[in-house]
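Visitor: I have a few "how do you know" questions about this model. Could you take me through them?
Guide: Gladly; let us look at it together.

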Amino acid sequence: MESIMEAGSAPRKLDVITIGRCSVDLYGQQIGARLEDVTSFAKSVGGCPANIAIGAARLGLKSGLITRVGAEQMGRFIREQMAREGVALDGIVTDPSRLTSLVLLSVENDKSFPLIFYRDNCADSALSEDDIDEAFVASAAAVLVTGTHFATPNTAAAQRKAMRIARAHGAKVIFDIDYRPNLWGLAGHAAGDERYIRSDRVSAHLKAILPDCDLIVGTEEEVHIAAGSEDTLEALNIIRTLSNAVIVLKRGPMGCVVYPGAIPDAIEKGVAGKGFPIEVYNVLGAGDSFMSGFLRGFLKGEDHATSASWANACGAFAVSRLLCSPEIPTWDELQYFLKHGSPHRALRRDEAINHIHWATTRRPEPGQLLAFAIDHRMQLEQMAEKANAPRERLNDFKRLAVAAAGRVAAGRRGFGTLLDDVYGREAMFDAAKLGLWVGRPLEQPGSRPLRFEFTQDAGARLVEWPVTHTVKCLAFYHPDDPAELRREQEEKLRTLYEAARKVGRELMVEIIAAKHGAMADDTIARALAGLYALGIKPDWWKLEPQASTAAWDKIATVISANDPWCRGVVLLGLDAPEEELAASFRTAASQPVVKGFAVGRTIFRDAAQAWLSGKISDDEATADMAARFQSLVAVWETARGRA
């Protein structure tokens with residue numbers, strides 16, 4: 001089949017624009033609890049069209065969204081998340097007088113999924129014809145309209161206008177029936193999970209939409225409401241008399257059936273895709289994931305059986321996970337699953353798939369990381385003691401260090417800092433305002449075997465950290481350590497890795513081996529290989545400078561073989577003088593896996609000693625550290641440029 005993007009005479013900027021609901025979903029995190037008893041929630045973007053726009057983008061389509069959001073924090077969250085996902089923002093209107101829609105959801109059991117829509121005069125319900133820009137709609141090969149946004153006159157008019165523009169410009173019109181009875185005023189607030197209530201009024205309304213559609217997708221209940229018949233085969237035939245569209249019938253665990261032409265005499269005789277039997281964990285959002293997968297095939301010219309198989313697979317991912325849009329697979333993830341399958345009926349327990357999902361959906365970062373490490377505790381405490389300065393002054397010194405880092409960064413991405421919870425709390429607030437990447441240590445300073453600071457329950461501590469903060473953990477770990485010591489440290493790192501993934505925080509593992517054993521070109525590569533063998537796949541590695549390019553090549557080979565999605569390696573400094581660091585930078589810079597450095601004492605040592613002793617002012621300390629940091633940045637950039 002010919003790709004829809006290629007069918008016209010001129011290339012389209014977008015593959016698909018979705019229109020309609022857009023909310024912030026708050027999912028109860030206690031599985032098996034009544035919504036009344038849920039005590040904490042996970043936040044994500046929701047609403048059928050918003051979910052599909054995100055899913056389509058994850059699967060490699062160029063998507064956009066037309067909706068409204070409020071001029072408040074939740075509206076900004078939606079816009080920012082859409083941007084992170086690669087969804088075009090041109091059609092997202094900020095409504096100054098209405099709030100962003102909210103939805104509360106929970107998983108009470110395998111058949112009950114309570115949800116409450118907070119949509120009274122919400123922003124997306126005010127979508128109007130004025131929000132439909134002809135040039136934007138015309139830039140897409142297809143527009144997707146949704147059933148719930150035909151429930152009110154103004155939103156129906158907006159969708160109708162988009163449909164007219166699409167057809168006038170030769171684009172496809174896709175209709176997701178998306179039937180929510182209580183959003184048509186047919187059920188009370190507590191019946192958000194009600195999927196079907198018969199209504200001649202709704203059926204008459206939806207029938208008028210069908211003739212102008214090229215693709216119609218719905219569950220059996222949605223096909224019933226669209227046709228006004230509760231006999232599925234009869235309903236399909238009614239739709240066919242009204243529309244020549246390709247019809248996709250979603251059948252839950254039985255997959256789907258596609259009807260590109262005449263309706264056969266039995267439901268099963270349409271075009272079917274491959275099914276994927278999995279455990280049902282949460283059905284909410286499964287249809288949006290399904291639609292994303294079908295669109296990836298339909299809009300790229302695949303045959304209907306392939307599109308249906310991809311749709312079924314994407315739906316399987318969604319029902320096996322908790323949330324809506326965050327759980328939709330990426331193209332890499334889908335292809336891995338189609339090729340390898342999974343030994344788990346509960347896909348959320350498949351570590352290989354989960355890692356691909358995490359690595360391909362985490363927040364984007366620039367290709368370098370140049371960090372001023374100021375997370376030292378013991379070393380600075382010793383300096384304060386030597387200078388007869390109270391330890392409380394270290395809080396202020398770290399704020400000066402962050403100011404120095406901000407001065408060098410000058411608003412550029414790819415710069416950051418390492419800060420601790422003991423003396424760096426206020427400095428972290430400063431770093432956030434400056435837009436710096438922040439890494440936070442979890443280890444008890446100097447511990448071997450590894451111990452965490454404050455508490456050994458890493459998950460309980462990490463859940464309080466901002467999602468933008470990266471967990472950093474230093475292990476004094478050598479691959480030739482005694483077996484018991486090595487095992488104990490590996491178990492600790494594995495526990496931390498699991499906790500970081502559970503709460504959605506990136507992880508940087510720092511390995512220092514030279515203090516506890518001989519070093520050869522393969523020492524660190526062997527250390528990393530051992531940790532990878534245990535399933536530990538940090539986002540970042542922080543490593544000692546290596547003596548040769550051969551050592552870096554071995555490290556790169558291990559990382560590439562075990563985790564091609566690893567963000568990379570940053571070099572640590574170990575209080576080395578700048579000349580020595582410059583040499584180590586030159587050795588490492590030729591290896592692309594090395595993305596920068598995270599250096600501390602080389603930058604702050606002299607300033608800390610002088611400032612704590614009262615010999616220099618705040619401004620002088622900041623200027624000194626900024627100059628040293630800038631010098632290291634220049635050394636790195638020169639080394640990388642030559643490489």
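Guide: A definition to begin with: an axis is a line fitted to C-alpha atoms, for helices over the stretch in contact, and angles run from 0 to 180 degrees between N-to-C directions. Please keep in mind that this is a predicted model.

Visitor: Then what makes H6 roughly perpendicular to H7?
Guide: The axes of helix H6 (residues 200-207) and H7 come within 6 Å and cross at roughly 85 degrees. Angles of 65 to 115 degrees count as roughly perpendicular, so H6 is roughly perpendicular to H7.

Visitor: Which residues make the contact between H6 and H7?
Guide: On H6 they are Val 202, Ser 203, Leu 206 and Lys 207, and on H7 they are His 224, Ile 225, Ala 226 and Ala 227. Sorted by class, this contact has five nonpolar, two polar and one charged residues.

Visitor: Why are E5 and E13 called edge strands?
Guide: They belong to an open sheet of nine strands with mixed pairing, in the order E5-E4-E1-E8-E9-E10-E11-E12-E13. Strand E5 (92-95) and strand E13 (271-272) each pair on one side only, and they are the edge strands.

Visitor: How do you know that E11 and E12 pair?
Guide: Pairing takes at least two bridges between two strands. Four bridges join strand E11 (residues 246-250) to strand E12 (residues 256-259), and these run antiparallel. Lys 250 stands opposite Cys 256 in E12. Helix H8 (residues 232-242) lies across strand E10 (215-219), E11 and E12, and runs at about 155 degrees to E11.

Visitor: What order do the strands of the closed barrel follow?
Guide: The eight strands run E14-E15-E16-E17-E18-E19-E20-E21, with parallel pairing. Neighbouring strands of this sheet are turned by 25 degrees against each other on average, direction ignored.

Visitor: How do you know that E14 is joined to E21?
Guide: Four bridges link strand E14 (residues 369-373) and strand E21 (residues 594-599), which run parallel. Ala 371 stands opposite Ala 598 in E21.

Visitor: What is known about the second largest pocket?
Guide: The second largest pocket holds about 1,100 Å³ of space. It is lined by 47 residues, and the closest to its centre are Arg 195, Thr 219, Val 283, Ala 286 and Gly 287. The lining residues divide into 21 nonpolar, twelve polar and 14 charged.

Visitor: What makes Asn 121 and Pro 449 worth a stop?
Guide: Most residues other than glycine have a negative phi, and most peptide bonds are trans. Asn 121, not a glycine, has a positive phi of about 55 degrees, and is found in the loop between E7 and helix H4 (134-138). A cis peptide bond joins Arg 448 and Pro 449, with omega about 10 degrees. Pro 449 sits in the loop between strand E16 (437-441) and helix H16 (458-462).

Note on methods: Residues are numbered from 1 along each chain as its sequence is written. This is a predicted model: local features need pLDDT of at least 70, side-chain atom pairs count only at pLDDT 80 or more; totals for chains, interfaces and linings use all residues. Side-chain values use heavy atoms; hydrogens and water are left out. On a 1 Å grid over the protein atoms alone, a cavity is a set of points where a 1.4 Å probe fits but cannot get out, and a pocket is an open set with protein on both sides within 12 Å along at least five of seven lines; lining residues have an atom within 4 Å of a point. Grid points are joined across faces, edges and corners, and a volume is the space filled by probe spheres set on the points. Ala, Val, Leu, Ile, Met, Phe, Trp, Tyr, Cys and Pro count as nonpolar, Asp, Glu, Lys and Arg as charged, and the others, Gly among them, as polar. Helices (H or I, at least four residues) and strands (E, at least two) are DSSP runs, numbered from the N terminus. Angles under 35 degrees count as roughly parallel, over 145 as roughly antiparallel, 65 to 115 as roughly perpendicular and the rest as oblique. Contact means heavy atoms within 4.5 Å.
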